[in-house]
Amino acid sequence: MTDGAASMIRLGIRAASPFAVIVGCYLLFAGHNNPGGGFAAGLVFGAVLALRTVAGFYRPTYGITLVAAGVFVVAGVALMPLLWGGVLFDQQVVSLEVPLLGTIKTGSALPFDLGVAAIVVGTVIAALDGLGAAEFAADPQAPAEQQ
Amino acid sequence: MIGGLLLSHAAVCLVLAAAGRRLGRGSLLVAAVPPAAATVWGVTRLGGEEPAVAHVSWVDGLDLAMTFRVDAFAGIMTLIVSGIGVAVFVYAFGYFSAADPAMGRFATTLLAFSAAMLGLVWSDSVWSLFVFWELTSVTSFLLVGHKSTDAGVLAAARRALMVTGGGGLALLAGLLLVTRAADATLLSDLGPVQGASAVVGAVLVMVAAATKSAQVPFHAWLPGAMVAPTPVSAYLHSATMVKAGVVLVAVAGPALGSLAAWKALGLAFGIASIFWGAVGALRHRDAKLILAWGTVSQLGMLITLFSVGTAHAVLAAVALLVAHALFKGALFLIVGEIDVRAGTRNIDELGGLARSMPIACFAAVLAGMSMAGAPPLLGFVAKETAIAAALDLEGPEAWIVGFGVIGGSVLTVAYTVRFLIAVFGAGPQTPLAPGRGALPAPSVILAAAGVAGYGALGVVDDLVGEAAARLSGAAVGHLHRWPGLTLELGVSAVVLAIGALVGLAVSRRPPRMPADLGARWTDASIDGSVAFGRTVCARVQHGSLPVYLVTMTSVAALAATPFLADVSVDHLVVWHRPLQVLLAAAVISAAVALCFVGTRLGAGLALGGAGIAVAAIFVIHGAPDLALTQLLVEATIVVGFVLAFGHLSRSFPLTGARWRAVRMAIAGLGGAAVVIGLGAASANPSGSPPVAEMATAAANEGGGGNIVNVILTDIRGLDTLGEVLVLATVALGVVALARASSGTASEQSAGTASERATDAASEPA
């Protein structure tokens with residue numbers, strides 16, 4: 001791979017990342033009524049992080065922290081209803097009037113999806129670390145030359 | 001109230017875990033508050049007719065509700081668990097020095113144990129019982145291993161955990177069999193059971209009880225557990241936790257008592273423990289070990305009486321249960337006080353304590369007399385009743401039980417006499433540290449309770465009688481303060497005389513340290529199991545990724561063979577839409593190409609092609625969620641490949657024809673298994689898919705329009721929870737592998753780790 005091609009790819013990744021993050025956020029919130037959800041959103045965020053790591057911009061190190069936080073949130077959503085005498089995973093639905101956006105209906109599924117997304121992202125980051133992402137942070141060109 | 005009490009225990013546990021370091025020794029007094037509340041509640045409920053019931057259905061659709069029921073027997077156990085708990089917490093406040101840094105942790109664990117034990121005795125659902133049973137094992141392990149810097153302590157803690165934890169597994173299996181046979185999961189609903197599986201279940205439950213209650217041959221962990229601080233020994237290993245097995249035998253008795261195997265096994269465990277425990281108490285020279293071996297013997301007596309199961313025997317057993325908790329708790333606390341002040345528990349180094357510790361000596365004599373079964377104490381009543389119950393029996397059982405109860409009583413008197421002479425008898429005066437405020441009071445109270453129980457026998461008789469009637473399901477007799485000139489009183493007198501003579505004779509014996517064979521054998525069998533596990537693990541987990549894959553695929557293929565006959569050609573449709581054919585062709589050609597590609601990059605591309613074609617098939621079938629996820633997974637995996645390729649050679653290492661043929665055959669096998677599975681499933685539809693119901697449920701209950709997602713987050717939320725936990729575990733595993741390989745840092749191990757990590761990263765698919 002030539003230097004020019006590599007910098008094109010890096011530029012592409014840099015340019016596409018914000019849009020991918022927006023798509024991920026959309027999937028996270030849309031999941032309740034449209035295709036999407038925590039799993040898909042987590043994969044989009046994970047893919048963004050993975051691409052940026054490969055391009056050498058960034059090397060996330062908080063994979064296990066994210067996984068732990070996600071497990072806490074997910075387990076919390078599952079157990080919370082028990083506190084007020086409900087059963088496991090009793091769904092709470094909340095309707096909010098938000099200026100500009102109109103009525104927003106959300107519920108405990110949203111934090112649950114957030115937790116799932118955090119676990120997925122954390123797993124992707126852990127896998128990146130396991131695959132030796134550290135080398136990319138040091139020198140983004142190195143793997144291409146090795147091959 | 002039941003739930004509130006358990007939650008208050010848990011809440012105080014959390015507070016202590018957070019603030020224990022700041023509170024220091026004061027944590028112990030804070031920890032005494034919830035047991036005190038439970039004691040007060042237990043006292044106010046005494047004599048009530050209706051059992052208190054609580055029911056928490058925490059997951060719909062599964063028969064896993066937490067159900068509690070506090071009847072007369074559970075009420076007595078509440079007083080033992082929480083009442084002695086309060087005494088022990090107060091005692092521990094005096095026992096530990098103020099400078100001990102680990103007090104917060106200790107108080108938290110001890111309170112957690114107290115809560116688990118309460119949950120256990122209150123449980124009506126066998127599953128709650130099992131959960132709390134295991135919790136007591138775990139907290140006991142933590143408390144035995146409190147001084148975690150000492151290798152001997154750790155070995156003892158491991159022994160306790162392995163034996164009681166193994167018993168927990170037997171309990172789970174036994175409960176599954178018994179509840180199936182009885183078709184009930186509430187202890188109060190269990191009726192008499194029949195059949196072979198019920199017998200196996202009963203045997204497993206009895207074995208579990210024997211491990212927890214330290215019955216021969218599972219007894220070795222209990223003397224070993226005496227390395228724990230004395231409050232733990234007094235509370236867990238004499239008054240409460242070791243009673244869990246006895247409680248189990250008691251509450252399961254109505255259902256399983258009619259099985260011959262249950263009774264025979266219970267009598268075998270019980271009588272063997274009565275004698276071997278008493279022999280141990282006569283051999284050992286550590287005052288605490290003498291008491292611990294005595295506990296083994298007394299627990300054997302309890303198991304024997306509950307296994308006999310007649311109304312009279314159950315009455316005696318409940319009375320002995322109460323008496324034992326009082327006198328053994330008191331004796332342990334006194335030994336702990338001696339340990340703190342004299343700095344030793346070895347009976348050869350103790351002397352003149354009767355003069356220097358008069359209060360402790362007085363309390364010990366009271367408690368010892370109760371243990372030996374001498375009037376005017378509660379132990380006397382319990383033993384009289386036990387002997388009378390044994391004499392009531394007929395046939396060979398009378399001889400066996402009579403031999404156990406009367407022989408055991410003789411030896412109990414003997415080791416009590418030896419204990420009192422050895423600890424408080426004459427000898428060179430042992431130097432003592434100054435006394436500590438809170439230490440003597442709890443033991444004196446517990447010892448005096450034995451006298452009070454004898455004095456107010458009418459009250460005790462009401463409570464014990466009611467509990468025994470609940471357990472045996474029949475009208476029971478009464479406890480007698482003085483039986484009159486009956487046969488059992490004569491037997492008692494002879495027992496006391498012979499026992500005292502034996503005790504005097506034994507205490508004259510020259511000192512000799514006994515070998516602890518049981519502990520050695522138990523440790524050897526634990527080590528053997530660990531070594532066996534390592535060997536098997538080294539064979540099975542060899543680390544070769546290809547062999548893992550071959551094994552998994554072959555097993556999946558084997559699992560599909562029974563369904564071969566179910567596949568019916570009539571139900572198989574070639575295609576619904578022509579586009580499917582095109583996509584299927586794309587998937588197949590990508591898969592075949594994958595087998596012939598020589599480079600890793602090419603293989604990655606072929607895999608991606610197959611994945612994208614599958615995503616397109618999902619779209620055709622109207623499953624955009626699946627397609628979206630599939631595409632995203634493919635994209636993420638590509639990045640993973642790019643990273644992994646940095647460590648790997650450009651081409652696959654082995655590309656011979658045979659290599660390829662074997663792998664294609666294996667892959668074909670896997671494909672065939674999936675085809676068979678799907679074909680069989682589509683040929684046998686069980687009703688129509690509940691899509692409409694799901695859609696309604698999703699909109700009404702889940703409040704969402706996307707059924708798939710509402711299923712994931714709400715309807716089958718528990719499944720999703722399980723799946724994301726698997727994912728989290730995978731992440732942990734990847735990190736652990738990466739750390740392990742970066743530690744060795746050799747080229748080869750890095751490659752292996754990457755390959756495994758790639759495997760793990762593809763898991764979300």
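What does the accessible surface of chain A come to, and what percentage of that surface belongs to carbon and sulfur atoms?

Analyst: The accessible surface of chain A comes to about 7200 Å², and 69% of that area belongs to carbon and sulfur atoms. Accessible areas are computed by the Shrake-Rupley method with a 1.4 Å probe, and for residues only the protein chains shown count as cover. This is a predicted model, in which local features need pLDDT of at least 70 and side-chain atom pairs count only at pLDDT 80 or more, whereas totals for chains, interfaces and linings use all residues. Residues are numbered from 1 along each chain as its sequence is written, chains are lettered from A and ligands numbered from 1 in the order in which they are written, and side-chain values use heavy atoms, with hydrogens and water left out.

Chain A has 147 residues, of which 44% count as buried; that term means under 20% relative accessible area, while exposed means over 50% and partly exposed lies in between (1.4 Å probe, protein chains only). Six helices and two strands make up the secondary structure of chain A. Helices (H or I, at least four residues) and strands (E, at least two) are DSSP runs, numbered from the N terminus. Read from that end, the elements of chain A follow the order α-α-α-β-β-α-α-α. Among contacts in chain A with a separation of 6 or more, 60% involve residues 24 or more positions apart, a contact being heavy atoms within 4.5 Å.

Over all chains, the structure holds seven of them, each a side-chain nitrogen of Lys or Arg within 4 Å of a carboxyl oxygen of Asp or Glu. One of them joins the side chains of B:R470 and B:D71, at 2.2 Å from N to O. B:R470 belongs to helix 20 (residues 457-472) of chain B and B:D71 to the loop between strand 2 (66-70) and helix 4 (72-95), so this pair ties together parts that are 399 residues apart in sequence. B:R470 is partly exposed, with a relative accessible area of 29%, whereas B:D71 is buried at 10%.

Another salt bridge connects B:R345 with B:D286 (3.0 Å, N to O). B:R345 sits in the loop between helix 14 (311-342) and helix 15 (353-356) of chain B, and B:D286 in the loop between helix 12 (260-283) and helix 13 (287-308), 59 residues apart. B:R345 also meets B:D339 in a salt bridge of 3.2 Å, N to O. Through shared partners, B:D286, B:D339 and B:R345 form one network.
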